[in-house]
Amino acid sequence: MIKVDHPEVADIVVVGVHHHDVARLRETLVGLTYPAEKWQVIARAMAEEAVHRIAVEPRTIQQLWALPPGRYASFPQVLVGIARTARGHPRRSER
C-alpha cells in the first residue's frame with residue numbers, strides 16, 4: 001500500500017484502485033463495522049442506497065461482488081481485495 005496526501009482519499013491509495021474509486025467506496029461503506037464478511041460489505045452498500053435514497057454506482061456494486069470471499073479486517077483490506085480482482089491485475093489469476 002502506498003500512502004499519499006490527497007484530500008479525496010484521506011491518504012489511502014492501493015495500486016490497482018483509482019483514487020476516485022477509493023473515495024466512492026469510502027463514502028458507500030461509511031459506518032461499516034470491521035471485521036466484515038464479504039456479504040456484510042455488500043449489504044452495507046445496499047443499505048446505504050436504500051436508507052439515503054442514493055443510487056450506488058453500478059461500478060461500486062460490481063467491485064464489491066467481485067471481492068474474493070472472506071473476512072475483511074479494514075477498509076484498506078477491502079481495497080486490496082478489489083485491486084486483486086481488477087482486470088489486468090497480476091494476482092487476479094491466483095484466485
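The secondary structure of the protein chain, in this predicted model, comes to 4 helices and 2 strands, where helices (H or I, at least four residues) and strands (E, at least two) are DSSP runs numbered from the N terminus. Read from the N terminus on, the elements follow the order α-β-α-α-β-α. Residues are numbered from 1 along each chain as its sequence is written, and side-chain values use heavy atoms, with hydrogens and water left out. Because the model is predicted, local features need pLDDT of at least 70 and side-chain atom pairs count only at pLDDT 80 or more, while totals for chains, interfaces and linings use all residues.

Of the 95 residues in the protein chain, 36% are buried; buried means under 20% relative accessible area, exposed over 50%, and partly exposed in between, with a 1.4 Å probe and protein chains only. Among the contacts in the protein chain with a separation of 6 or more, 48% are between residues 24 or more positions apart, contact being defined as heavy atoms within 4.5 Å.

Two packed helices are described by the angle between their axes and the distance between the axes. Axes are lines fitted to C-alpha atoms, for helices over the stretch in contact, and angles run from 0 to 180 degrees between N-to-C directions. For helix α1 (residues 19-28) and helix α3 (residues 58-65), the axes come within 11 Å and cross at roughly 85°. The helices α1 and α3 are therefore roughly perpendicular to each other, on a scale in which angles under 35 degrees count as roughly parallel, over 145 as roughly antiparallel, 65 to 115 as roughly perpendicular and the rest as oblique. On the α1 side the contact is made by Asp21, Arg24, Leu25 and Thr28, and on the α3 side by Arg59, Thr60, Gln63 and Leu64. These residues divide into 2 nonpolar, 3 polar and 3 charged, with Ala, Val, Leu, Ile, Met, Phe, Trp, Tyr, Cys and Pro counted as nonpolar, Asp, Glu, Lys and Arg as charged, and the others, Gly among them, as polar.

Two residues of this contact may be considered individually. Arg24, placed in helix α1, counts as buried at 13% relative accessibility. Not counting residues up to four places away in sequence, Arg24 touches Glu57, Arg59, Thr60 and Gln63, and the side chains of Arg24 and Gln63 are joined by a polar contact of 3.4 Å. A polar contact is a pair of N or O atoms within 3.5 Å; within protein, one must be able to donate a hydrogen and the other to accept it, and residues adjacent in sequence count only if both atoms are side-chain atoms. Thr28, also in helix α1, is buried with a relative accessible area of 8%, and, with residues up to four places away in sequence not counted, it touches Arg44, Ala45, Glu48, Val56 and Thr60.

Helix α1 also packs against helix α4 (residues 75-85), at an angle of about 130° and with the axes 11 Å apart, which makes α1 oblique to α4. The crossing of α1 and α4 is right-handed; a crossing is left-handed if the near helix is turned anticlockwise from the far one by less than a right angle, and right-handed if clockwise. Here Val22, Leu25 and Arg26 in α1 meet Phe75, Leu79 and Ile82 in α4, so that by class the contact has 5 nonpolar, no polar and 1 charged residues.

Within helix α4, Gly81 counts as buried at 5% relative accessibility. Leaving aside neighbours within four places in sequence, Gly81 is in contact with Leu67, Pro68 and Tyr72, and its C-alpha atom is separated by 9.3 Å from that of Pro69, 12 residues apart along the chain. Gln77, which also lies in helix α4, is partly exposed, with a relative accessible area of 37%, and is in contact with Arg71 and Tyr72 when its neighbours within four places in sequence are left aside.

The loop between α1 and β1 (36-37) contains Pro35, which is joined to Tyr34 by a cis peptide bond with omega of about 0°. The C-alpha atoms of Pro35 and Gln77, 42 residues apart along the chain, are separated by 9.8 Å. Thr33, found in the loop between α1 and β1, is exposed, with a relative accessible area of 62%, and a separation of 9.1 Å is computed between the C-alpha atoms of Thr33 and Ala73, which are 40 residues apart along the chain.
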